[in-house]
Every structure is written in C-alpha cells, then in structure tokens.
Amino acid sequence: MATTDQDDQLVTPWEVTAASQKGVDYDKLIKKFGSTKIEDSLIERIARLTGKPAHHLMRRGIIFSHRDVGLILDAYEKGKPFFLYTGRGPSSEAMHLGHLIPFVFTKYLQDVFDVPLVIQMTDDEKFLWKDMSVEEARRLASENAKDIIAFGFDKEKTSSPDFYKTILRVEKCVTVNQVKGIFGFNDSDCIGKISFPAIQAAPSFSCSFPQIFGGKKDIACLIPCAIDQDPYFRMTRDVAPRLGYPKPALLHSTFLPALQGAMTKMSASEASTSIYLTDSADDIRDKINKYAYSGGQSTVEEHRRVGGNVDVDVSYQYLTFFLEDDEKLAKIEKDYSSGAMLTGDLKKELISVVQQVVAEHQQRRQQVTEQMVQEFMTPRKLKYSS
Ligand code: TRP
C-alpha cells in the first residue's frame, strides 16, 4: 500500500524510496512482507544440487529473500519438474542496467536447473499505467524482447503465453477490496488496473501453458524478481490453493541504486539516474564521473586519512552487481575503505566494467532479428516433454 513505514521507506511496484543513502533496509522489508531471508545454507544447497558454484548475486546478498524455494529444491531433488517465470513491463525503448539483474539471474537459473522458462511481457500494464498508446506499448515490448533474447535465453526452453482462462479464474477469486488493500488502488483508478494483477499472476500456474505442460496444472513455479513485485505474488500465493494449484516460490533481488545514490532505484523514466543498455562508452564514462554518488571524502588528504564509505558509494555498490571477480572486489573494498584508493580510481574500475557489460550486450542484441522475436513470442512446445 502507498504508505511509508515509521522509518520512512516505501517499496511498491511503482515507487521505491529509502530512508537514507545506505539504501532500502532490506531486513525490515523482509519482516514487513513476511518473506524469508536467504541463509548461507540455502545457497550451499543450491550449489550442491546443481553441481555449479552459487551465482555471485546470491553469494553477495543481492538475491536476498525468498518464499518456499526449499519446496522447489525438495521437488527437484526427487526428479520432479518445475518451471521459471519472470517478466518485464516495457516502459521505455532502452532497458537499463537495473533491468539486467533479474534476467542475468534467471538465465543462470535456467542454465543450472535446465528447466522451462516463461517470460511475460506486460505491454498491457504499461498501457494502463502510462500515457502511451496500445500500439506504442506493443512496439516497446518487441524492442525490449530483443534485449531479453540478447541475454542469451535458449529458444528451446523459453516461451511466452496464451492464458486467458487462468486469468479469468484468478479474477473470479480476488475482490476489489483485496486489490485495494494490496496495491493501494482507489475508486478513480481505471478498471484495467484493478484487474491487471490477475494477468501478472496467471503465468505462475502451469495450466496457462498447455503447449508446454500438456495441460498439467501441478507443475511448481519459481519466480525470480525484484522485491517490489512481491505484492503481486502474495496475492497469487493466496489464491493458488483455492484454485487447486501449487503456490509459486519466489527469489527476490534488491534494487540497483540510482546513480545519485541508494535513496531510490535506477529508473528508466529519469535519464540521469540510469545507464542504458544503448549508452555509448563515452556516455557511460561521463555519467559515472558526473553522477555516481561517492562515499569518498571531500579532499584527497582527508580521504587518505579517513577512507571512503563503501556502504553508500554507488560505484562500489555497482561493482558488487557487475564485477564477478571476488578477489578483485575484496581488494577494492579494502583499498577504498582504507583511503589507499581514491574515488577517481574506483570510478575508473567501474567505468571499464560497465563499458564491457554494455558493449557485449550491444553486440549480442545486434544479432537479434525480427524473425527471432516472432519465434520467441509464438506459443509453442519447448524441448521438455511432459
Ligand atoms: N510488473 C513487471 C514490470 O513492471 C513485469 C512483470 C510481469 C514481472 N510479470 C512478472 C516481473 C513476473 C517479475 C516477475 O516490469
């Protein structure tokens, strides 16, 4: 609901504001949402079951919270199938670095568990919430689909949906009062918004994809998403037993801070807070140099004496997302905190890491054709037999 806590932080699918430059207090959020913190034992179990090292986003606490992932792993251990579901509301032509995170993580999950994945593109959502025509929302969905395909998903394992029957079933289970309570809708919101949560819920249930699951309605679902999407899935988990479906499990990520600091997240509609996947190497350098909030001291002498504060330093925070080399990251943390490393040098590290991530993405995206988008968008059988 659109109220701030006593501590002044606000996290909804539409708005994220933290109480301090340290960013959102995620432990508080876990308490408020009633989800479960990811413990080391869960990370170790995933590494053991998959036989692959745990992803750095998990090891570093960026994927920090979950619901019922233990049940998914129990089932997986017994050889029972599950599928992955995630999504994207195409709000702008260019996706930014923050949008990359859930997809990078989802790609890892698809690779290590070798399971079907559905990706929902909610152009309908953006049409209902933004000042945008239906045609434009569709076009952006197709442009964003190219970025998503460029993240390297396997076409044999990745589909998008036909699921109106499931939407109807969910719509019949949820009252206007409930969505008002969960999402803060009011009587002036259009009816499209009121019913949208059912659309985001529907892909959580395997019966939405007869072409993949042969009509089975009991295949478990795991949803990697940023924590702000949790309200949709609390609602989904609430209706699941009433419809006779398994509750979807969740893996939540933190937000990528805005360049200006962790008071809020990177936002596509505010250009100066974001590094876009379309930015040039020069844009990236300029934005980081100009905007990235620094935890350094105001003079070199003072910095050398007191050291920098990695807890609020945006460049350091971004490195935890994008620099995979643990040793290098640990050294940067040590040197910056001690004052041996200056803000300029830290920014330089980040610039080269981000330039590389973005350039590689741009290369892969160039290879994505309209025809590939069509193919990924067509409901079809995947390589999994059910
Ligand atoms: N609402 C999400 C957005 O605005 C898009 C979305 C749809 C989604 N289904 C999802 C995100 C499932 C995560 C998981 O971007």
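Which residues point one way from strand E8 and which the other way, and are they buried or exposed?

Modeller: A word first: this is a predicted model. Now to the strand. Ala220, Leu222, Pro224 and Ala226 point one way from E8. Cys221, Ile223 and Cys225 point the other way. Residues on both sides are buried. Buried here means under 20% relative accessible area. E8 runs over residues 220-226, and seven of its seven residues are buried, so the strand counts as mostly covered.

Next, look at the partners of E8. One is strand E5, residues 82-88. E5 and E8 pair in the parallel sense, over three bridges. Find Phe83, then look across to E8: Cys221 stands opposite. Another partner is strand E9, residues 249-253. E8 and E9 also pair in the parallel sense, here over five bridges.

Now follow the chain from E8 to E9. Helix H12 covers residues 230-243. Together, E8, H12 and E9 make a right-handed β-α-β unit.

Rolling a probe the size of a water molecule over the atoms shows where empty space is left. The largest pocket has a volume of about 1,000 Å³. It is lined by 44 residues, and the closest to its centre are Pro13, His99, Asp228, Gln229 and Lys265. E8 supplies at least two residues of this lining, and so does its partner E5. Strand E2 (16-17), helix H6 (123-129) and strand E11 (261-265) each supply at least two as well. Helix H5, residues 97-113, gives the most, with five residues. By class, the lining has 18 nonpolar, 18 polar and eight charged residues.

Finally, turn to the second largest pocket, with a volume of about 770 Å³. Its lining has 35 residues, and Val24, Tyr26, Gly61, Thr254 and Gln317 are the closest to its centre. Several elements give two or more residues to this lining, among them helix H1 (26-33), strand E4 (63-67) and E11. Helix H15, residues 314-322, gives the largest share, four residues. The classes here are 17 nonpolar, seven polar and eleven charged residues.

Terms used
Residues are numbered from 1 along each chain as its sequence is written. This is a predicted model: local features need pLDDT of at least 70, side-chain atom pairs count only at pLDDT 80 or more; totals for chains, interfaces and linings use all residues. Side-chain values use heavy atoms; hydrogens and water are left out. Buried means under 20% relative accessible area, exposed over 50%, partly exposed in between (1.4 Å probe, protein chains only). Two strands pair if DSSP finds at least two bridges between them. A crossover is right-handed if, with the strands pointing away from the viewer, the path from the first strand over the helix to the second runs clockwise. On a 1 Å grid over the protein atoms alone, a cavity is a set of points where a 1.4 Å probe fits but cannot get out, and a pocket is an open set with protein on both sides within 12 Å along at least five of seven lines; lining residues have an atom within 4 Å of a point. Grid points are joined across faces, edges and corners, and a volume is the space filled by probe spheres set on the points. Ala, Val, Leu, Ile, Met, Phe, Trp, Tyr, Cys and Pro count as nonpolar, Asp, Glu, Lys and Arg as charged, and the others, Gly among them, as polar.
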